[in-house]
Amino acid sequence: MFDTALTTNDLIFLAKGAGMTLIVTAISVFFGTILGIIFGVIRYQIGPWWAAPLTFVLDIFRSIPLLIQLVLANAFVTTVLGFRVSGFAVACGVLSLYTAAYCAEIVRGGIEAVPQTLRRAARSLGMTWGQDMTSIVLPLATRVALPSWIGLALGVMKDSALVYIVQVVELLKSTQILITRLQEPLFLLMICGLFYFLISFPIARFGSYLEKRWSND
Amino acid sequence: MIEIENVRKSFGPLEVLKGINLTVAKGEVLTVIGGSGSGKSTLLTCINGLEPIDSGRILVDGIEVHARTTDLNKLRQKIGIVFQQWNAFPHLTVLENVMLAQVKVLKRSKAEAEAEAVRQLNHVGLGDKLKVYPSKLSGGQQQRMAIARALAMSPDYMLLDEVTSALDPQLVGEVLDTLRMLASEGMTMICVTHEMKFAREVSDRVAFFHKGVMAEIAPPEELFGAPKDPELQKFLAATH
C-alpha cells in the first residue's frame with residue numbers, strides 16, 4: 001500500500017541537514033541577540049535623532065530580502081575583498097546581522113515598556129544607571145520582549161533555509177537533493193516539515209514555559 | 001540639614017520654582033501644602049538631584065546637590081524618597097524589593113539585607129507579606145512597602161511626595177499612621193501632602209507654596225490658625 005525508496009542512510013542525511021539548520025540558527029540567534037541588545041540599548045539611550053544612522057543601517061538589513069543579502073555578501077567578501085571564507089561563515093554572518101536588526105527593535109520596545117517612574121525609583125535609591133539596567137530594566141524588558149524574541153528565533157530558523165544559496169547544505173537543501181534522486185517530493189517534504197517541527201516545537205514550548213513562570217508578578 | 005538657597009527651575013517656558021529659600025533642620029518635620037502646579041513636588045525631586053535646577057543651590061549636610069563633582073548615587077543614600085505612585089518592582093517579592101538596593105548600593109551581605117528588610121517590613125506592618133509579589137498587595141500596602149524600601153537604606157532624610165494621593169480613601173489612614181510613627185521617631189522629613197489634618201498634627205512647620213513661590217511658612221497652629229497670605233486663606237477655605 002505504501003512504498004518508498006527512502007533508506008535509513010537518507011534519513012541520516014536529512015538529520016545532518018537538520019543539524020546544520022540548527023547550528024546556523026543557534027549561532028545566528030546567539031550573536032544576533034547580543035548585537036541586537038547592544039544596538040537596541042544604544043538606540044534607546046541616545047534617542048532617535050542621534051541613532052538615525054544606526055537605524056538606517058538596521059533598516060537596510062530588515063528590508064532587503066535575505067536571499068539577496070546572502071548573494072551580495074558572499075560576492076563582496078570572497079570576490080571584492082578576496083577573503084577565503086566558507087559559505088557557512090558568510091551564512092552565519094549575514095543571518096546574525098539580519099537577526100540583530102530585528103532584535104534591536106524588540107529590545108528597544110522592551111526597554112520603552114519599563115515605566116520611567118520605576119527607573120526613577122531605582123535611581124532615587126542610589127542605584128547607578130548600570131544597576132538600574134541590570135536589576136530592573138533587563139528583567140522587566142525581557143518579560144515584555146520574550147514572545148517577540150521567540151517569534152524571531154523561529155523565523156530565523158525557517159529563513160535559514162535560504163543559506164543554500166551560499167552552498168550550505170541545510171535541511172531544505174538536503175530534502176531537495178533527495179527529491180531530485182528519489183522523485184517523491186510530497187513524502188520527502190512531509191518528513192522535512194516534521195524535522196522543522198521537531199526543532200521549533202521545544203523552542204516555542206520553552207517560551208510559553210518562561211511566560212507562565214513569570215506570570216506570578 | 002537641608003539648605004535651599006534661591007532655587008529657580010523652569011520646565012520650558014514655565015517657571016515652576018521662582019527663587020525658593022528654605023532650611024530644614026535635622027529632626028524637623030516640614031509639610032508642604034499648596035495647589036497642584038505650585039512647584040512643591042518639583043522641589044522634592046530637585047533636593048535629591050533627580051531634576052536639575054536652573055540657578056541657586058541646594059545643600060544636604062553641606063554637600064551641594066547639583067555640583068558637578070557631587071556623587072549623586074552616594075548622596076541619594078542619605079535621602080529616601082517615596083512617590084505618589086508607589087513604584088514597586090513587579091518582578092521581585094516584597095522582601096526582595098526592600099533588599100535589592102541594600103545589596104547593590106550599600107553592598108550589604110544578603111543576610112544583613114534580609115534582616116534589615118524584615119525589620120523594616122515588620123515596622124510598617126508587612127511582616128506577613130515577605131514572600132508575596134507586589135501585584136497581590138493593596139495600594140496602601142504597596143506604599144508602605146515603598147516606605148520600608150526607602151527606610152532600609154538608613155537615610156538621614158525622608159522626602160514624601162503626596163504619598164497618599166493615589167490611594168483609595170480607606171487606605172490613606174494606614175499610610176499616614178506609618179508616617180506619624182516615623183515623625184515620632186525623630187526622622188527628618190519633608191512631606192508634600194494634601195492631608196491638612198495630618199499636616200497640622202505632625203509638622204513642626206508648614207510651608208504653603210503658590211505658583212512657584214513659598215508664600216508662607218509657619219508652625220501649624222499659626223499657619224492654619226491665623227493665615228496671613230491671602231492665597232493661603234483662599235486655599236484653606238477651599239480645602240476645609
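**Note on the predicted two-chain model**

1. Among contacts in chain A between residues at least 6 apart in sequence, 77% join residues at least 24 apart. The model under review is a predicted one, and the values below should be read accordingly. Chain A comprises eight helices and zero strands, so that from the N terminus on its elements read α-α-α-α-α-α-α-α. Along the principal axes, the C-alpha atoms of chain A fill a box of roughly 70 × 50 × 25 Å. Of its 217 residues, 35% count as buried.

2. At 1.5 Å a residue, its 29 residues should span 42 Å, and the end C-alpha atoms are 42 Å apart, which agrees.

3. The buried residues of helix 8 of chain A are A:Leu188, A:Cys192 and A:Phe195. An α-helix has 3.6 residues a turn, so residues three or four places apart point the same way. The cover over the buried residues of helix 8 includes helix 1 (8-50) and helix 7 (171-182) of chain A.

4. The loop between helix 7 and helix 8 of chain A contains A:Gln183. This residue has a positive phi of about 60° although it is not a glycine. A:Gln183 counts as exposed because it has 9 C-beta neighbours inside 10 Å, the limit for that class being 12 or fewer.

5. B:Ser154, which is not a glycine, has a positive phi of about 50°. B:Ser154 lies in the loop between helix 5 (139-151) and strand 7 of chain B. With 13 C-beta neighbours inside 10 Å, B:Ser154 counts as partly exposed.

6. The contact between the chains involves 17 residues of chain A and 19 residues of chain B. On the chain A side, the elements that give two or more residues are helix 5 (116-124) and helix 6 (129-159). Helix 5 of chain A provides the largest share of that side, six residues. By class, the side of chain A that touches chain B has seven nonpolar, seven polar and three charged residues.

7. The largest nonpolar core has 121 residues. Those with the most contacts inside this core are A:Ala91, B:Ile47, B:Ala148, B:Leu159 and B:Leu160. Helix 4 of chain A, residues 87-112, gives the most to this core, with 15 residues.

8. Helix 3 of chain B, residues 94-104, is largely enclosed by the rest of the structure, because eight of its eleven residues are buried. The buried residues are B:Val94, B:Asn97, B:Val98, B:Met99, B:Leu100, B:Ala101, B:Gln102 and B:Lys104. The cover over them includes helix 6 of chain A together with helix 4 (110-123) and helix 5 of chain B.

9. Strand 6 of chain B, residues 79-82, is covered on both faces. B:Ile79 and B:Ile81 on one side, and B:Gly80 and B:Val82 on the other, are all buried. Strand 6 pairs with strand 7 (residues 157-161) of chain B in the parallel sense, over four bridges. Within this pairing, B:Gly80 stands opposite B:Met158 in strand 7 of chain B.

10. Chain B also holds an open sheet of four strands in the order 2-1-4-5, with antiparallel pairing. Strand 2 (14-24) and strand 5 (63-64) stand at the edges, each with a single partner strand, so one side of each is left without a neighbour in the sheet. Strand 4 (residues 55-60) of chain B is joined to strand 5 by two bridges, and these strands run antiparallel. Here B:Val60 stands opposite B:Ile63 in strand 5 of chain B.

How values were computed:
Residues are numbered from 1 along each chain as its sequence is written. Chains are lettered from A and ligands numbered from 1 in the order in which they are written. This is a predicted model: local features need pLDDT of at least 70, side-chain atom pairs count only at pLDDT 80 or more; totals for chains, interfaces and linings use all residues. The expected span of a helix is 1.5 Å times one less than its number of residues. A residue is buried if 20 or more other C-beta atoms lie within 10 Å of its own, exposed if 12 or fewer, and partly exposed in between; C-beta atoms are placed from the backbone. Two residues are in contact if their C-beta atoms, placed from the backbone, lie within 7 Å. Ala, Val, Leu, Ile, Met, Phe, Trp, Tyr, Cys and Pro count as nonpolar, Asp, Glu, Lys and Arg as charged, and the others, Gly among them, as polar. A nonpolar core is a set of buried Ala, Val, Leu, Ile, Met, Phe, Trp, Tyr and Cys residues joined through C-beta atoms within 7 Å. Two strands pair if DSSP finds at least two bridges between them.
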